[in-house]
Structure formats: structure tokens, C-alpha cells
Amino acid sequence: MTGILDSFGRSINYLRISVTDRCNLRCLYCMPPEGVPQMPHSEILSYEEIRTVVRAAAELGINKIRLTGGEPLVRAELPKLIKILSRIEGIQELSLTTNGTFLKNYALELKQAGLSRVNVSLDTLKADKFQHITRLGKLKDVLEGIEAAKEAGFHPVKINTVVMRGINDDEILDFARMTYKDGWHVRFIELMPFKGVAEFVPSIELRQHISLLGKLEPCPDSIGITGNGPAMYYRLSRAKGTIGFISPLTEASFCSRCNRMRLTPDGRLRPCLLREDEIDLKMPLRNNASMEGLKRLILKAVASKPEHHHLEGGNVRLVKRKMSQIGG
Ligand code: SAM
Ligand code: SF4
């Protein structure tokens, strides 16, 4: 078995790396309209520093890396980082989560650099609502980005949709129909409740609603879509694409399947998205820590992973960081 065993018997084999805190959008649930104060460039890990962390993590058994942000494609020369990471022994999957607005320009270069997968975040199929949710973006750019990713050979391109009551929950069937029409692989995510944004919609309610289109059959693991991530996958009969549900708020066993850790842009390892504890790697990296020293810190972070978050029914209080500074 790959991965690092944590105190609760979970195998941790996945590291999400937020490569920047900057973003070209201001999604309602992620950033205030004015943005957040940006970290100075000197605080953000260099590509060489990220490489060293990934080498240490890979030696311990981490084999999946996802680049996220902020918006990862606003960081200069991202394909260069992908090239560097794809050459590290032990890394079997290197993926990207993006808002898709710049994907059209980069898809082919990312593929050639060694990126294995792309997830695109998209919460609405209506142009005016897209502007309302993202405050700055254009739907057309994202749709063209999705097509460009497919043409570049990424398969599957997964679409991540955060569902907000009264904002985009009227479009659930439209997204579900895209699994027939364009073979999309859509994943509905329960909104992490930050005060004042919107109410989340429980996945069970979405499933019942989608059943109006037909029976949702559970998807086997073997189709290369489902992986060992947090989503539960289904398919409408005769649809090419799948429908996944990510239910951090309502699925009791959600945390028992956790396989991940997060690295913030300023080099802190975060054992759980929803806890403030972090272990600093930047200072040791800049003080020439040995590989063994870095590995000890990574193991310490894994050992401090909590059994579960305490979100049920409450509001998320990320005091020190916004979601855009952690990477979702
Ligand atoms: N900018 C990129 C993007 O939007 O895909 C990557 C970073 S973003 C923080 C990563 C993911 O976190 C996105 O899919 C986004 O929808 C999700 N996210 C952000 N805030 C969230 C919240 N409050 N609840 C649930 N998901 C959230
Ligand atoms: Fe930017 Fe992604 Fe956050 Fe939207 S969800 S503001 S695109 S980081």
C-alpha cells in the first residue's frame, strides 16, 4: 500500500499544493469583492522549494499531487513547475484545479509538460449568473477552456460545481443533462458555509432532484473516473458522463476516507482544511534543512491529522486564511 498511515489508519497519499494566493476572479463563497491582502512574492515558495517538498513527500509514499490556488494559472510559467514535478520519482498523478478562464491558452502546453488531469470549477451555465457569482469572469472563456482541455487530450475533464440555495440550485438538472449531451463528468460540492454567503444544499436533496431525469446508478471504481477521492459517483442510464457528490457536511463517513494534506503558497503544511493547525516548511527549506528533516516534519503533520472536522450545522471560521489561500 502507498501513502503514509495516520493515527486513524487512513493512508495519506495525496498532496494539494496551492501555488498562489492570487486569483483573477472573486467568487462569492471564496473571496470578498475587494480580494484579500496578497502575500509578498518573497513569502511564496519558489518552484525549486516546491520540488524539494514533493521529493520528500514522494519518498514517504505520496504519489498524487494536485496544483490549486488562488488561480494556479495566474502564477507565471506554471507549465515549468509541472515539468519539474512530473519528473519526480514516485509521482503517479499530477493534476490541476482551475477556474478555467485561462485554460484555452494553456491546455496543450500543460499536457505537453506532463499534467495528467484537469478539474474545472463552474457553478452556472448562464452568462449573467456567472458574472454575478465570480464577480469578474466570463462564462464563454471557461466553456472554451473545457473544450480546449478535451482537445489537448485530457480525459476526463471533471467539472466541480458548488451548489448554493437560491443562487444556482435551479440549474442542477441542466448540469446533469450535460452528462448525456457532452459527456461531462460533473461533481456537485456542498458549499462550506461561510457566514452570509448562501445556504448549502445537501447532496441527498440533489440526488432526489436528479432522479427526475432517470435512475442514478452507482458507478464502479474501475472506470478511471472515480479514483479514491472524496466523491461518490453515479451515472444516469445511457449517459457518457458521470455525476459525483462531494458531501463534507452531510456524509457521516466523509472524513474517514480522507487521503490528503495541503501545502499553502507560503509553505505551510495543513493537515486538515478546516483546522487552523499548520506546520511550517518554508523556514526549514530556507535554512537548508536535510531531506530527513523535511520528511520528519511531513510525518509530524500526518500524525496530527484530526479524525474529523466539526462542521455539522455550523459556520466555517477560517480565522487566519481564506479558502483562496489554502486551495479548497
Ligand atoms: N481557482 C481555482 C478554482 O476555482 O478551481 C482553484 C482554487 S479554488 C479555492 C478550489 C476549489 O475550491 C474550487 O472548486 C472552488 O469552487 C472550491 N471552493 C472555494 N470555496 C468554497 C466553499 N466555501 N465551499 C466549497 N467549495 C469551495
Ligand atoms: Fe478564485 Fe477559485 Fe476562489 Fe473563485 S474559487 S475566487 S476562482 S480561487
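Predicted model: local features only at pLDDT ≥ 70, side-chain atom pairs only at ≥ 80, totals over all residues.
Ligand 1 has 19 residues around it, and the ones that come nearest are Y29, G70, T97, S121 and M192.

| Residue | Atom of the residue | Atom of ligand 1 | Distance |
|---|---|---|---|
| M192 | polar backbone atom | nitrogen | 2.9 Å |
| G70 | polar backbone atom | nitrogen | 3.0 Å |

G70 turns up again at ligand 2, where the surrounding residues are C23, L25, C27, C30, G70 and N99. Sorted by class, that shell holds 4 nonpolar and 2 polar residues, with no charged ones.

Now for the sheet. It's an open one with 12 strands and mixed pairing, running β9-β10-β11-β8-β7-β6-β5-β4-β3-β12-β13-β14. Which strands stand at the edges? They are β9 (216–218) and β14 (279–280); each has a single partner strand, so one side of each goes without a neighbour in the sheet. Further in, β5 (residues 93–98) and β6 (residues 117–121) run parallel and are joined by 4 bridges. One pairing to look for is L96 with V118, its bridge partner in β6. Helix α7 (residues 203–210) packs on this sheet and touches β7 (157–163), β8 (185–190), β9, β10 (232–236) and β11 (243–246). The direction of α7 makes about 160° with that of β11.

Helix α6 (residues 172–181) has its own set of buried residues: I172, L173, F175, A176, M178 and T179. After α6 comes G183, with a positive phi near 65°.

One last stop is K129, in helix α4 (residues 127–134). Is this lysine buried or exposed? K129 is buried, because its relative accessible area is 14%, and the cut-off for buried is under 20%. A polar atom of the K129 side chain lies 2.8 Å from the backbone oxygen of I167. Setting aside neighbours within four places in sequence, K129 is in contact with T124, I167, N168, D170 and E171.

Methods. Residues numbered from 1 in each chain as written. Chains lettered and ligands numbered in written order. Heavy atoms only, no water. Helix = DSSP H or I, 4+ residues; strand = E, 2+ residues; numbered from the N terminus. Buried < 20%, exposed > 50% of the residue type's maximum accessible area, 1.4 Å probe, protein only. Polar contact = N/O pair within 3.5 Å; in protein donor to acceptor, adjacent residues only side chain to side chain. Contact = heavy atoms within 4.5 Å. Near = heavy atom within 4 Å. Nonpolar A, V, L, I, M, F, W, Y, C, P; charged D, E, K, R; others polar. Pairing = 2+ DSSP bridges. Axes fitted to C-alpha atoms, helices over the stretch in contact; angles between N-to-C directions.
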